[in-house]
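Dear colleague,

I am handing over the structure below, and my notes on what was found in it follow directly after.

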Amino acid sequence: MKAVVNDALRVGLGSLGKPARLPRFNVEPHAFGFRPGVDVDRFNELVDELEASEVARRLNR
């Protein structure tokens, strides 16, 4: 009886029958071909400036 209870506890606590480990996720870099000096981290600022210019243009019609 003791062995059955211990086995049930181990299974319930996850020390037996652990799920298979998932395969490792790898990130492969991609060269986008931007010219030197182009700061891709500032694209959001460029989009904001273009949107602001468009809104100003529409309001001045």
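The chain has a radius of gyration of 29 Å, whereas a compact globule of 61 residues would have one near 10 Å (taken over C-alpha atoms, the globule rule being 2.2 Å times the number of residues to the power 0.38). Along its principal axes the C-alpha trace spans about 85 × 35 × 15 Å, and buried residues make up 0% of the chain (buried means under 20% relative accessible area, exposed over 50%, and partly exposed in between, with a 1.4 Å probe and protein chains only).

Please keep in mind that this is a predicted model, in which local features need pLDDT of at least 70 and side-chain atom pairs count only at pLDDT 80 or more, while totals for chains, interfaces and linings use all residues. Residues are numbered from 1 along each chain as its sequence is written, and side-chain values use heavy atoms, with hydrogens and water left out.

The count of salt bridges comes to 3, each being a side-chain nitrogen of Lys or Arg within 4 Å of a carboxyl oxygen of Asp or Glu. One of them joins Glu-45 and Arg-42 at 2.7 Å, N to O; Glu-45 is partly exposed at 38% relative accessibility, as is Arg-42 at 47%. Glu-54 pairs with Arg-57, the closest N and O atoms being 2.5 Å apart, and with Arg-58, where the corresponding distance is 3.0 Å. These shared partners join Glu-54, Arg-57 and Arg-58 into one network. Arg-58 counts as exposed because its relative accessible area is 58%, whereas Glu-54, with 28%, is partly exposed.
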